[in-house]
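Reader: Could you take me on a close look at the place where the ligand sits? I would enjoy one connected account of its surroundings.

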Amino acid sequence: MAKINENFEKLPGSYLFAEISRRTEAYQQAHPEAKLIKLGIGDVTQPLVPAVVAAMHEAVDEQASAAGFKGYGPYEGYDFLREAIAEHDFAARGVDIAPDEIFVSDGAKSDCGNIGDIFARENRVAVCDPVYPVYVDSNAIEGRAGEYDVDAEAWTDITYMPTTAENGFCPALPDAAADLIYLCSPNNPTGTALTAEQLKRWVDYANDNDAIILFDAAYERFITEEGLPHTIYEIPGAKTCAIEFRSFSKTAGFTGMRCGYTVIPHELVRQGQSLNALWMRRQSTKFNGASYIIQKGAAAIYTPEGAAQVRAIIDFYLRNARIIKEGLEAAGLTVYGAVNSPYVWCRTPEGMGSWDFFNKLLEEANVITTPGAGFGPAGEGYIRLTAFGEAEATREAVERIKAIL
Ligand code: PLP
C-alpha cells in the first residue's frame with residue numbers, strides 16, 4: 001500500500017493568507033460598497049522595467065530561429081547571469097564569490113524550501129520568530145519539526161528565537177543546540193536589518209558549532225542605511241558556515257517571472273563533503289534550470305540602464321514604506337522597519353491581539369493588513385503592512401487608519 005508523508009497531516013490547517021482572503025471576502029460580500037485597500041500580501045504592483053522587457057523580447061526572438069534556439073539550459077544557470085551576479089552583487093561590494101558558487105533557480109522560495117534535501121533529518125533547526133513561514137513548514141514536511149502544538153502555535157522540535165523590539169530585532173544565540181539556523185535580513189515580516197556586528201556573532205556561533213546559517217537576503221536591495229551588510233559574505237568567516245538565498249522577485253518585479261539564486265561557497269564543507277557539490281547533485285536531479293528568457297531578463301538588471309530603472313522602482317516602494325511609517329507614527333502607533341525594507345511592522349494599540357487589530361482595520365478603515373501572529377508566536381501584538389501598493393492608495397490607506405485611531 002502506498003503511504004503518504006504523514007508530516008503533511010501535521011501542518012496546521014489554515015494558511016495565513018488563505019484566512020486573510022476568507023475574512024476579506026466575507027467582509028466585502030457583506031459590504032459590497034466598501035473600497036478595500038490591500039496592504040497585506042507582499043506581491044509587487046509595478047510592471048517590469050523597459051530594460052528587462054527588451055532583453056526578454058530579444059531572447060524570445062532568439063528562440064524563434066534555428067541558430068538561436070535553446071533547449072535545456074545548465075541546471076545551475078547560464079554563465080552570463082552567474083557572471084553578472086558575481087560581479088555586481090558581490091565583487092562590487094568587495095566580496096569574492098565565483099560564478100560557480102552561484103546556482104540560478106526559479107526563485108528563493110523553491111531554494112529555501114528545497115535546501116533541506118542536502119541535510120540529514122536529525123539536524124536541529126532554529127528560526128527567527130516571527131519569520132517567513134516557508135522555513136518552518138518545509139522542515140515540518142521533511143520531519144525535522146516534531147509535532148505541532150496547537151496551543152503554543154509552535155512545533156515541538158523547532159527552536160524559535162524571538163526577534164522583537166525588546167531585543168532590537170536581533171535574536172539571541174539559542175539556548176538549545178542548533179545545526180541549521182535560518183536568518184533573514186532585511187527580515188520579513190519585521191522589516192529590520194541585522195548589522196555586521198550582530199551577524200558576526202552568528203557567523204562565529206555557526207563556525208564554533210559546525211552549524212550552517214541559511215541566510216535569506218531576498219530584500220537586500222531595500223537596504224538604504226550605510227554600513228549594513230548586503231550579503232552575509234561581507235562577514236569574515238561566513239564562507240565556511242553560510243548559504244545565501246537571493247531573489248529577483250522584489251528586486252525587479254519578478255514575482256510572476258520566477259528567478260532567484262543560491263550561493264554556496266566552495267569552502268562550505270561538512271563531513272568531508274562539499275555542500276556546493278551536494279546542491280549541484282540535488283538540482284541536477286530535481287530541477288531542469290530556470291527559463292533562458294527569464295534569465296536574460298534578470299541579467300538586464302545588471303546593465304547601467306536596467307540598474308537605474310530597477311532602483312527607481314525600489315525607491316518608489318521605499319517612499320510608500322516611509323509614508324506608512326510616518327502616518328502610523330502620527331496616529332500614535334509604534335512602528336518598525338520601512339527604512340531598509342518594503343515592510344512596516346506595527347505594534348497593535350494597547351495590547352490588542354494581532355487578529356483583533358486586523359479586523360478593526362478591515363472593518364473600520366477598509367484596509368487589509370497581515371496579522372503578525374501568522375508569522376510565529378512572537379509576532380502576536382503586531383501587524384505587517386507592505387509598501388508594494390500604488391502611491392495614492394497607500395496614502396489613502398494611511399489617512400483612513402489615522403482617522404479611526
Ligand atoms: N524569502 C523571503 C523572506 C520572502 O519574503 C519571499 C517572498 O515573499 C521569498 C523568499 C520568496 O521569493 P521568490 O519569489 O524568489 O520565491
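**The ligand and its pocket**

Author: The ligand takes up the space of the second largest pocket. Here a pocket is an open set of points on a 1 Å grid over the protein atoms alone, where a 1.4 Å probe fits and protein lies on both sides within 12 Å along at least five of seven lines; lining residues have an atom within 4 Å of a point. A molecule sits in a pocket if more than half of its atoms lie within 2 Å of the grid points.

Before going further, a word on the source: this is a predicted model, in which local features need pLDDT of at least 70 and side-chain atom pairs count only at pLDDT 80 or more, while totals for chains, interfaces and linings use all residues. Residues are numbered from 1 along each chain as its sequence is written, and side-chain values use heavy atoms, with hydrogens and water left out.

The second largest pocket holds about 540 Å³ of space, a volume being the space filled by probe spheres set on grid points joined across faces, edges and corners. Its lining counts 25 residues, and Gly42, Lys109, Tyr132, Tyr219 and Lys250 come closest to the centre. Helices H5, H6 (134–141) and H8 each give two or more residues to this lining; helices are DSSP runs of H or I with at least four residues, numbered from the N terminus. By class, the lining has 13 nonpolar, six polar and six charged residues. In this scheme Ala, Val, Leu, Ile, Met, Phe, Trp, Tyr, Cys and Pro count as nonpolar, Asp, Glu, Lys and Arg as charged, and the others, Gly among them, as polar.

Now to the ligand itself. A shell of 14 residues surrounds the ligand, with Asp216, Tyr219, Ser247, Ser249 and Arg258 the closest; a residue is near if one of its heavy atoms lies within 4 Å. The shell divides into six nonpolar, four polar and four charged residues.

Taken alone, the ligand exposes 400 Å², and the protein buries 91% of that, with areas from the Shrake-Rupley method and a 1.4 Å probe. Helix H5 (108–114) and helix H8 (249–252) are the elements that give two or more residues to the shell around the ligand.
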